[in-house]
Amino acid sequence: MSLSSAIAIAQSAFSTTAQQTATVSKNVANAGNADYSRRMAMLGTTANGAQIVSIYRAQNEALFKQNLASISQSSAQNSLLSGLEILKSALGGNDYETAPSTYLSAFRNSLQTFASTPGNSTLAATVVADATDLANSISNTAAAVQALRLDTDKEIAEEVANLNALLAQFETANNAVKAATAAGADTTAALDERDKLLKQISELVGISTVTRANNDTVIYTTGGTVLFETLARQVSFTPTSAFDANTTGNAIFVDGVPTAAGSGADTTAQGKLASLLQMRDDIAPSFQSQLDEMARGLVDLFQEGGSPGLFTWADGTVPPAGMIEAGIASSLTVNPLAKSNPFLLRDGGFNAVISNVDGASGYTELLDGYIAAMDTDMAFDAATGLDGTSSIMELAAASIGWFEQIRSAASTADENKTALLARTEEALGKVTGVSIDEEMSLLLDLEQSYKASAKLLSTVDAMMAALLEAVR
């Protein structure tokens, strides 16, 4: 081997070691970056035998797609649970202290106490006060349900705008990947950026991807609608300014195709948007219908002469039996006449139909009838998702049971999907993530390679010096 060849070998070794060391350094610097895929500097040779270093990006397409699916499922479930927790807070928290069922039980108890001493004015006033608390609980809960629907609708509008922005950024990143691939340039940074955007998009909507020539990626929703192909598709949504029991929210359209809402406590939704639709258009309206049936039942049970008695509402009528009167819960209130004369509940007279014509202080016929009616089965609309035939006490208890069952199941599902996401991220991280221990070990190997090259160069230098000395 000539001295010039030895020098060339040493220079080549220094060059390759420098590139490998730079790659290791970059990996170490990004060890905490979840959106960074580990780089690998691989040695190769050209046709004439020269050494080259090629930079590869660690990846596993199957694990990455599973991770995207887990992100979508976890994001959807967490969003649904958040909405349910907001509604639970409006009902008083863990013990549901301010739920209508709680106030209904208190009202029935005070009604029984009043029936045992019907001449007591304090007890009469207490019954009316408890009835007022019950009516307020139902109307306030109905207002909270519609407020939740409005806030959810606003959140949908924000996330749709976010999704459109992410798709625009993805278009830029995808073009950069295609251009670098076509030019044979380094694509690793552009691929990291594109994968990062895919993760963010999957939080909002369930997606699947197909990679074509030049690393061009097409994005579909889990429903099969094209979300991105060369150009970003438009995601459109028109927010609603106000919500009541009769309001239907607008759909989300992806390239003109409506997005389906999720279903079930363990939601089928893929991505946050589908679960927001589920909360706004399914769970909240179902709970509203139960409140409306509670309110209608109270107006019906305490009617007098075919018109509202103790409980009344904005329309001032007794709605038909067994049918949801949408929105009645929002305006349910106690008849003002009862506040000015609580004994009307004992004697009658809300609508000039007086039962206690003698004004006897021990008269209990009406009170006993009300108490019995509250425990008697009546017809309720099956569209509430509850039993169509039950007492109003059972309906109120079943409503809270229905809600808690959904919330509890949603909480369990959220824990499971969060755990699944953690596992897929861990599995993907083992393939694409940076291990400091591995990088340090590789750095030690590179140090030995550098020392060997330095030793070779030092030997060549000594030989050159000896040769020059001999020539002199």
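Me: How does the lining of the largest cavity divide into nonpolar, polar and charged residues?
Reply: This is a predicted model, so what follows describes the prediction. In it, the lining of the largest cavity divides into eight nonpolar residues, two polar ones and no charged ones.

Me: Which residues line it?
Reply: The lining of the largest cavity is made up of Leu163, Leu204, Val205, Val235, Ile252, Val254, Thr259, Gln270, Leu273 and Ala274. The elements that contribute two or more residues to that lining are β8, which covers 252-254, and α6.

Me: And what volume does the largest cavity have?
Reply: Its volume is about 50 Å³, and the structure holds one cavity of 30 Å³ or more.

Me: OK, pockets next. What is the volume of the largest pocket, and how many residues line it?
Reply: The largest pocket has a volume of about 880 Å³, and 43 residues line it, with Ser37, Arg57, Ala58, Asp192 and Asp195 lying nearest its centre.

Me: Which element gives the largest share of that lining?
Reply: That is α5, which supplies 10 residues to the lining of the largest pocket. The elements giving two or more residues are β2 (51-57), α2, α5 (188-204), β3 and α10.

Me: β3 came up just now, so where does it sit in its sheet?
Reply: The sheet is an open one of four strands in the order β3-β4-β5-β6, with antiparallel pairing. Within it, β3 and β6 (231-232) stand at the edges, and each has a single partner strand, so one side of each is left without a neighbour in the sheet.

Me: How many bridges are there between β3 and β4?
Reply: There are five bridges, and they pair β3 (residues 207-211) with β4 (residues 217-221) in the antiparallel sense. As an example of that pairing, Thr209 has Ile219 in β4 as its bridge partner. The two strands form a hairpin with five residues between them, and Asn214 in the turn has a positive phi of about 60°.

Me: And how many bridges join β4 to β5?
Reply: Two bridges join β4 to β5 (residues 226-229), and these strands run antiparallel, with Tyr220 standing opposite Val226 in β5.

Me: Switching to the core, which residues touch the most other members?
Reply: The largest nonpolar core has 64 residues, and those touching the most other members are Phe107, Leu111, Leu298, Phe302, Leu310, Phe311 and Met374. Another core, of 26 residues, lies apart from it and includes Phe64, Leu163, Leu204 and Ile219.

Me: What does Phe107 touch, then?
Reply: Setting aside neighbours within four places in sequence, Phe107 is in contact with Val127, Asp130, Ala131, Leu134, Phe302, Leu310, Phe311 and Met374.

Me: What are their contacts?
Reply: Not counting residues up to four places away in sequence, Thr132 touches Val334 and Lys339. With neighbours within four places left aside, Ser390 is in contact with Thr376, Asp377, Met378, Phe380 and Leu395.

Conventions
Residues numbered from 1 in each chain as written. Predicted model: local features only at pLDDT ≥ 70, side-chain atom pairs only at ≥ 80, totals over all residues. Heavy atoms only, no water. Contact = heavy atoms within 4.5 Å. Core = buried A, V, L, I, M, F, W, Y, C linked by side-chain atoms within 4.5 Å. Buried < 20%, exposed > 50% of the residue type's maximum accessible area, 1.4 Å probe, protein only. Pairing = 2+ DSSP bridges. 1 Å grid on protein atoms, 1.4 Å probe; cavity = no way out; pocket = protein on both sides within 12 Å on 5 of 7 lines; lining within 4 Å. Points joined across faces, edges and corners; volume = space filled by probe spheres on them. Nonpolar A, V, L, I, M, F, W, Y, C, P; charged D, E, K, R; others polar.
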